[in-house]
Structures are given as structure tokens and as C-alpha cells.
There are 2 protein chains.
Amino acid sequence: MTGQRHDLGATFVRLSRAVVAAEQPVLAELGVEMWDYVVLSALRDGPAHSQARLAAATGRDTTRLIPILDRLEARGLLRRTPDPADRRNRIVELTDSGTELTATCQAAIRTLEARLLAGLPGDERTAFITTLERLAELISAQRGAH
Amino acid sequence: MTGQRHDLGATFVRLSRAVVAAEQPVLAELGVEMWDYVVLSALRDGPAHSQARLAAATGRDTTRLIPILDRLEARGLLRRTPDPADRRNRIVELTDSGTELTATCQAAIRTLEARLLAGLPGDERTAFITTLERLAELISAQRGAH
DNA sequence: TATTGTTATACTCTATAACTATA
DNA sequence: TATAGTTATAGAGTATAACAATA
């Protein structure tokens, strides 16, 4: 008997919805949808060697990823080039303008998050973030082992 | 610059999906879907004075709630009775068998959650849960004030 | 007339299954 | 033949609008 008041899952879902709802207008002002941002962020640290890998990294399947990539490519934010080593694969990478927009978005998101977390004392906040990240990895690992 | 590695929203969404995915088979074994469980849980502490309130409490709108209530009522897990004071309203409450099943589900969910959290040291775990609940309330309040 | 619950319709999102090209 | 990407179709989930009962 832990005295937990709510279910963990319900609380996570509730928080997710609240945070996403708060983030959407911030991104919309930059002309970016939530899933655009997820894809751009996934490419921030370097190109994806195939669309399949990018889909796995972002939690979408390949078919749902395509219209997003189409849109972002049409806006000149990323490039899809066939991999010379295996021309079935498309290497996906940010353009300069994509890198710039991604940084702008991320800064805006971080500012918002700081505001959302402002009600927590500083040390509690950092401890929370640390545990949260650790838990996300732990649970992902458990699922992987299913 | 906080040194956060991932976006808060992305981490919450990732965790939500992982936890829900883990919970679904546990509930399915009891013949309960996720949204059934959300509704049953909302009624655990007492009847809802109208379906509209129940919808708000569970984050569904009234139209989406109805088929769920139909199903649970047909299974004899809850009752919808017109409020004598205003017969437009339906009071929704668990039957005895609904109360029993809800308790069984909740116990199963709590067991699963304990397993998911088992990788965290005890004191870190309780601190995390405390902050999580507090943050959920904080952010809900901020949204309410929009 | 306004509101609760209900039903019916339309729309969006997601998943499944074919199709093209490379290997 | 197998795989990456793409396109097309079908299905589930969600939202919008009309309807009946009550106030």
C-alpha cells in the first residue's frame, strides 16, 4: 500500500495532453506542427540513414512519416538524397534553414517548459527531470525485452 | 541552459505510450478496455451527477462517453438513473459487481506499476511520484487560467 | 428558449495492402 | 526474392450537427 492517489498511466496521459496543448500554439506561431517538430528534432543531431530508421526514432511508421517529410522538404527545411551505397535508402538531413528553424523551435519550447515547471523549487525540479529521463529509459528497456 | 537532454513533452508522451501499452493486456485479461477502466475509476469514489460531468472528469466528450456507458451498463457494471430533481440528468453509479471489478482492475494496475517502477530506489521513487502529482495539478491549473 | 442525453453524419487519423525501384 | 520507399484503400477513432425529452 503506497498511498498513491492516482494511477501512474492516467497521470502521464493527463500531463502529456496538457504539455502538448501548451506547446502547439507556440509551434504554430512558427508554422510548425507537433509532428514536424518531432521529426526536425530527431534530425537535429545528424542525418538519418534511412526513412525507416527515422520512423522508428520518432514513433511513427514509414507511411505516416512520408507526408510529413514531403511537406518539410517542400518548405526547404530538409533534403532526401539516395544513399550511394544502397540507392533504395534515402538519407534525410536538415538544410541550413531547417537547422535554424529547429533551433528556434527548441528555444521556444524550452522557454515554455521552464514556465510550466516554474512552480517547482529548483532542486526538486532537477531531481524530477533526472528521474523522469531515467524512468523513460528503464520502461523502454522493459518493453524492449517484453 | 538547464542541460535537459530531451523535451519534456516528448518524454511524457513516450512514457504515456509505454505505460498504456503495458497496461492494456493486463486490463484485457479482465475484459476491460482502457477507456472502460478510466470511466470505472472515475466512479469509484462515488456516483456522477450527470454524464456531462463524467465526460469532463474523464477527458472524453459526451458523445464518445455514451457507447462506453452503454457497454458497461449492458454488462451490469453500472446504472444510469434519471435525477429526480432534474430528470434530464442521468446519475451514473457503479453496481456492486462494477465496484468489485474496478477494485480488481486497480489492484492489477498497481501491481504492474510497482513492477515498472522497481528499477528506481525507494526514496527516489516516492519523491518522483509526489512531484509528478504536484506537477499535474500545477499544469492543469495553468491551463485552466489559460 | 435553453440544456441533457442521444443519434446520425462527416471528417481525420491510422493501419493494411498493393505498387515501383533498387538490390 | 527481398527490401526501401511510395501510393491507394479501408478501417478506427473523433468531432460536428441534428434530434428528442425535459426544464
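The legends below describe close-up views of a predicted model. Local features need pLDDT of at least 70 and side-chain atom pairs count only at pLDDT 80 or more, while totals for chains, interfaces and linings use all residues. Residues are numbered from 1 along each chain as its sequence is written, and side-chain values use heavy atoms, with hydrogens and water left out.

**Figure 1. The protein surface near DNA strand C.** Sugar and phosphate account for 73% of the atoms of DNA strand C that come within 4 Å of the protein.

**Figure 2. Individual atom pairs at DNA strand C.** At A:Arg87, a backbone N or O atom is 3.1 Å from a phosphate oxygen. B:Arg88 places a polar side-chain atom 3.3 Å from a base oxygen.

**Figure 3. The largest pocket.** A pocket is an open set of points, on a 1 Å grid over the protein atoms alone, where a 1.4 Å probe fits, with protein on both sides within 12 Å along at least five of seven lines; lining residues have an atom within 4 Å of a point. The volume is about 1100 Å³. Of the 38 lining residues, those nearest the centre include A:Val38, A:Thr58 and B:Arg14.

**Figure 4. The second largest pocket.** About 910 Å³ of space lies here. The lining has 28 residues, with A:Ala10, A:Arg14 and B:Val38 among those nearest the centre.

Methods
Chains are lettered from A and ligands numbered from 1 in the order in which they are written. A residue is near a molecule or strand if one of its heavy atoms lies within 4 Å of it. A polar contact is a pair of N or O atoms within 3.5 Å; within protein, one must be able to donate a hydrogen and the other to accept it, and residues adjacent in sequence count only if both atoms are side-chain atoms. Grid points are joined across faces, edges and corners, and a volume is the space filled by probe spheres set on the points.
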